[in-house]
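Subject: Structure for your review

Dear colleague,

Please find below the structure that I am handing over to you. A summary of the findings follows it.

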Amino acid sequence: MSGVVSNSLEGPDGGRPGWVAVLALWTRNLMVTGITKGLGIMLPILQIQLTSQMWILGWIASLTSATGGFVAPFGGLVSRRFGAGYVMMTGGVMMSAAAIAGSFVENSLQLALLYTLLAGTAIGISNVVAKEAVGRCFTKNYATANGIARTGYSVGLIVFAPLVQLFLDTYGWRGTMLLVGAITMHSVASGAVMVATRQPELDQSNAYQTLPQTEHTNSSSAHESTLRSHCGSLWKFVSKNFEVGLLLNSRYWLVAVIYCCTIYAYLMWIVYFVSQAQSNGFTLEEAGSFVTIAGIANLFGTISQGPITDRGVMSSWTLVAVCLVMSSVSYLASSLLTSFWPMMTSAVLILFSDGVLSCQMDVLVKQVLGVELLAGAFGWIGLKVTLLLVALGFLPGFVYDLTGSYTAAFLLIGSVQAVPLVPLLILRYSQQ
């Protein structure tokens, strides 16, 4: 295979390398959904077959995602060292190997080791690498490209839920894992296309400032000079490969607050919405219909946000602000709604806003920090999201246990979603 290299990042489509990167990110998102959603569907049968407790298996699923957040800061390093295409191929092999080897496990400990060490690591690294590759190639239509790539999640939810259930009914859980692992190997093919289509490289010499070299005076001892030299070399290596200079950048912290609060609020809604709806008097079937229709709205939001901002209908800043307000109000109101259509409207507005925000937050990172720091920004933000979920993921459930109602819990979630409005306004007016 061979491909023509696009040396220009301008233009209507980012060139062939850009759309190859979109394909790789879309495929990665689809396969990650298959790995995680497939495991979730198999939890009841795995509980019986592995003679385990449900909380242990649920913890394995959570730890897989958490591992991805912890290793995310290494994404930029491995991408620069080995190339984005080879990293995506390796990630595909690791995710596939986790599922295929999982079909041979005899207990939950073996399953945990496979999914956390193999699948979790691949999920975290590939996310940073693929998103950076898309950001490198697109300027005018980055929101549209990112939105197309993120539809992989929506397609995965639609496709893998019935597919995994069909596999379970036909081949059992071991056969299902083998088949899911085989399907996940498609990520290797998309990575191979990236290798064949050379991706544009970045000059990161001016992306951040490193510490100045320490000048040695005649009075300095040889030992001190050697120590300073080694410390300087170590700082250069760490700064270059992990973009630690971002941690001293105030704009990065403002973007991180927006990112972390939005993802935290959305994931807490995913976890507690069905229980909250049932506590408001809705049946399980009605709660399921809320989620299904809202999922379609999420897909529509993901697709529509790109043309809105890329064609100049509305600026990214305005669109993000509108969706933050809309989702925050919907979170606050949902715990008080007891009628079918108002609750349906609330769920639709929340997931539509999430579809927009999940793409526009990446656009915001690129606008504020620049394309040179995308890998480091995505990596460090991923780590912060993971730490936030580990530290405070229990809080809405804890509030419910204390009060016996989801009202206070969803007021908390809605308040968290409103917090990003402050750093968003600061960033907007600081850039003018």
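pLDDT is the predictor's confidence in each residue, on a scale from 0 to 100, and the model shown here is a predicted one. Over residues 1–12 the pLDDT stays under 50, and the model has 22 contacts for them beyond four places in sequence. Residues 203–220 also have a pLDDT below 50, with 21 contacts in the model beyond near neighbours in sequence. Where pLDDT is low, the predicted coordinates should not be read in detail. For the protein chain as a whole, the average is 81, and 84% of the residues score at least 70. Helix α8 (residues 222–242) has the lowest confidence, with a mean of 53, whereas helix α4 (residues 84–102) has the highest, at 94.

Regarding the overall fold, the protein chain contains 16 helices and zero strands. Of its 432 residues, 50% are buried. Among contacts between residues at least 6 apart in sequence, 84% join residues at least 24 apart. The accessible surface comes to about 19,300 Å², and carbon and sulfur atoms account for 67% of that area.

In helix α3 (residues 75–82), the buried residues include Gly75, Gly76, Leu77 and Ser79. Gly83 follows α3 and has a positive phi, near 100°. Ala97 is located in helix α4. Ala97 and Thr184 lie 87 residues apart in sequence, with 9.1 Å between their C-alpha atoms.

On the surface, Leu392, Phe394, Phe398 and Leu402 form a nonpolar patch with about 400 Å² of accessible area together. One of these residues, Phe398, belongs to helix α14 (residues 395–403). Phe398 has a relative accessible area of 41% and is therefore partly exposed.

With kind regards

Methods: Residues are numbered from 1 along each chain as its sequence is written. This is a predicted model: local features need pLDDT of at least 70, side-chain atom pairs count only at pLDDT 80 or more; totals for chains, interfaces and linings use all residues. Side-chain values use heavy atoms; hydrogens and water are left out. Patches are made of residues with over 30% relative accessible area and no salt bridge: like charges are joined within 9 Å, nonpolar side chains (Val, Leu, Ile, Met, Phe, Trp, Tyr) within 5 Å. Accessible areas come from the Shrake-Rupley method with a 1.4 Å probe; for residues, only the protein chains shown count as cover. A salt bridge is a side-chain nitrogen of Lys or Arg within 4 Å of a carboxyl oxygen of Asp or Glu. Helices (H or I, at least four residues) and strands (E, at least two) are DSSP runs, numbered from the N terminus. Buried means under 20% relative accessible area, exposed over 50%, partly exposed in between (1.4 Å probe, protein chains only). Contact means heavy atoms within 4.5 Å.
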